[in-house]
Every structure is written in C-alpha cells, then in structure tokens.
Amino acid sequence: MATYTKLDQIDLPVVSERYGLRDPQLEPLKGGAANSSFHVSSPSGDFTLTILDNHDIGSAQSLATYTQAVYRLGVPTTEVVPALDGALITTFDGRPVILKKWIQGEVRQPLPIPLLPEAGRILAQLHALAPETEGLGDLPVGTRRLSAEQLDVIPQFADREFAAWLATRLKRVRSAEAGSERSRKIAHGDLFADNVIVRDDGALSVLDWETVSLDDPLLDLGMAAVGLAAEGDALVPERLNALVTGYQALAPLSEADAAALPLEIEHAACIIAFHRYYRHNVRFPDASKSTYHLKMIKFVESVGAATRPGRT
C-alpha cells in the first residue's frame with residue numbers, strides 16, 4: 001500500500017517556486033484511494049495539488065497528459081497547471097506531483113437523479129473522441145478489465161462460494177462477449193459519484209483519469225451504471241433510465257447494444273466485486289470491509305429485474 005504524503009511533509013516554498021504561486025496555503029482533501037490531495041489557496045488562485053504516491057514518473061506523466069488532453073477536447077474536467085518550466089508534472093522528495101485548477105463544487109452521493117442525464121451525456125461525449133488525438137495516442141487497452149493474472153487468483157480465494165459465483169459469472173460474460181464486434185472507444189472506467197463534482201453553477205465535472213483506456217463503450221456505460229444508478233445494494237430502474245437517456249441523447253444504442261447492456265452492467269459489477277474482495281481480504285486485510293464484495297452479489301441479482309423491457 002502506498003505511504004501517503006502528509007501536510008507537514010510538503011515544502012510550501014518549493015511549491016511556490018515550482019509553480020510561481022504567491023503565499024500558498026494548503027488544506028488536506030478527504031478521499032482518494034491511491035494518492036494524497038490538497039486544496040491550495042493563494043492570491044494566484046485556487047488549485048488541487050496531488051502527490052501521486054501510487055505512481056512512478058512514467059505513469060504520472062501519462063496521467064497528466066491524458067487529463068490535459070480530454071480537458072482540451074472539451075470534456076468537463078479539471079485543467080492541469082504546468083510548472084514554470086512547462087512540465088505537466090514535477091517531483092517532491094522523489095514523488096511525482098500534479099497541480100490542477102480547483103473546481104468549486106461538491107461531491108454528492110448519490111448523484112441526484114436530475115443530474116444523471118448529464119453524466120450520461122459526458123460519457124457519450126468521451127466515447128465520441130478520436131483515440132488518435134494528440135495526448136491520447138498511447139492509451140492502454142482494457143484497463144478496467146480483469147487481467148489473466150487476476151483471473152488466475154480467483155480459485156485461490158478463501159471464500160470458496162464467492163469464488164465459484166464470480167468465476168461462473170465471468171465465464172458467462174466472456175462467452176457472450178466473444179461474438180461482440182463493438183469497436184473500442186476512449187473509456188473513463190470509473191464514473192462513480194466520488195469522481196463527479198457538482199459545480200456551483202449546477203453543471204458536472206468528471207475527475208480521476210487513472211483508469212482511462214481504450215475499451216468497449218458498453219462496459220464503460222455498465223461501470224457508470226454500477227457507480228451512479230444504484231441505491232443501497234440494488235440497481236434502480238429510474239436512475240438507470242436517467243443515465244442511459246442522457247447517454248443516448250448523443251450516442252443512441254442499437255437494438256443489439258441495448259439488449260447487451262444488462263450483461264455489461266453485470267460484468268462491471270463482477271470487476272468491482274473482485275477488487276473489493278482482493279483488496280480487503282487478500283492484499284490489505286480489513287475486517288471492517290471484508291464483506292464489501294457481497295454487496296455486488298446483491299447488485300447483480302437486481303440487474304435482471306431493473307432492466308426488464310419497459311423498465312429502462
């Protein structure tokens with residue numbers, strides 16, 4: 001697990017010098033599963049300073065480049081602020097750092113239903129971008145999918161019942177996807193409510209491009225359904241309908257894709273279930289979170305009823 005950077009470990013004069021900020025003041029931000037972020041306020045403006053504790057220089061540079069690219073292409077997200085030498089990242093004590101313009105707003109969980117269509121439209125806008133665009137030409141493929149190594153771990157899970165359930169569900173998904181001919185698009189991979197800012201003007205901005213990749217847009221929409229269209233442990237038809245309606249305003253689904261969406265929602269839920277189990281029971285055992293993966297089993301059980309014809 002990454003060793004997170006604390007406020008007293010940051011040299012404010014260095015921050016000021018690298019970015020040309022006058023009298024910066026830092027305040028830690030809550031959240032962030034992989035990095036340490038701080039609100040920077042100064043006469044020069046407001047910013048988010050993120051210490052990329054879980055990245056090396058190469059992956060940090062890629063993250064900054066991708067973030068800046070989607071911003072410049074019009075996706076509502078945060079703008080990366082270059083250092084005075086023009087670099088998108090710099091380093092403090094050997095750790096890569098990125099500075100972004102502050103977005104005034106708040107995270108709202110769950111995201112209110114009236115805002116879900118906009119979230120769907122933003123996802124469709126992202127999927128419409130050309131992958132060969134400058135700054136996005138070297139995107140990885142299928143970042144959110146379980147790798148062969150991760151699939152091999154499942155039979156070793158101590159919870160044998162969960163392992164059998166997950167393996168069966170994933171086999172069903174792979175069999176159905178084998179005949180798919182959907183082209184890969186730029187996918188966010190993690191459109192959950194904690195990665196969406198409701199700005200003070202009421203519009204949305206999407207954060208966190210850690211899992212951006214080229215992948216099936218329907219799986220990305222399915223992941224957004226897991227992240228935005230659930231209440232408690234269940235998929236909610238009204239929330240899903242609002243999200244998909246917004247998406248289809250820019251990217252109408254074919255009849256075949258609409259029929260395949262429930263399976264891709266299940267696929268996304270299985271991916272989340274794996275990561276929850278593996279993180280809280282294998283890599284970093286945490287008794288208080290050791291059953292979080294079971295919520296995804298209940299979620300998957302709700303997908304069929306929530307997506308029956310006429311419900312979405």
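Two strands count as paired if DSSP finds at least two bridges between them. Helices (H or I, at least four residues) and strands (E, at least two) are DSSP runs, numbered from the N terminus. The model described here is predicted: local features need pLDDT of at least 70, side-chain atom pairs count only at pLDDT 80 or more, and totals for chains, interfaces and linings use all residues. Residues are numbered from 1 along each chain as its sequence is written, and side-chain values use heavy atoms, with hydrogens and water left out.

**Overall form**

- The protein contains 9 helices and 12 strands.
- The C-alpha trace spans about 60 × 45 × 35 Å along its principal axes.
- The radius of gyration is 20 Å, which agrees with the value near 20 Å for a compact globule of 312 residues; it is taken over C-alpha atoms, and the globule rule is 2.2 Å times the number of residues to the power 0.38.

**The five-stranded sheet**

- Five strands form an open sheet in the order β1-β2-β3-β5-β4, with antiparallel pairing.
- β1 (25-28) and β4 (90-92) stand at the edges with a single partner strand each, so one side of each has no neighbour in the sheet.
- Neighbouring strands of this sheet are turned by 35° against each other on average, direction ignored; axes are lines fitted to C-alpha atoms, for helices over the stretch in contact, and angles run from 0 to 180 degrees between N-to-C directions.
- Strands β3 (residues 45-51) and β5 (residues 95-101) run antiparallel and are joined by 5 bridges; Thr-48 stands opposite Lys-100 in β5.
- Helix α1 (residues 12-19) packs on the sheet and touches β1, β3, β4 and β5, contact meaning heavy atoms within 4.5 Å; the direction of α1 makes about 170° with that of β4.

**Cavities**

- The structure holds 2 cavities of 30 Å³ or more. A cavity is a set of points, on a 1 Å grid over the protein atoms alone, where a 1.4 Å probe fits but cannot get out; lining residues have an atom within 4 Å of a point.
- The largest cavity has a volume of about 50 Å³, a volume being the space filled by probe spheres set on the points, which are joined across faces, edges and corners.
- Residues lining the largest cavity include Arg-144, His-188 and Asp-215; β10 (213-215) and α6 (217-228) each supply at least two lining residues.
- The second largest cavity holds about 40 Å³ of space, and its lining includes Val-75, His-188 and Trp-209.
- Helix α3 (residues 116-127) gives the most to the lining of the second largest cavity, with 3 residues.

Note on methods
On a 1 Å grid over the protein atoms alone, a cavity is a set of points where a 1.4 Å probe fits but cannot get out, and a pocket is an open set with protein on both sides within 12 Å along at least five of seven lines; lining residues have an atom within 4 Å of a point.
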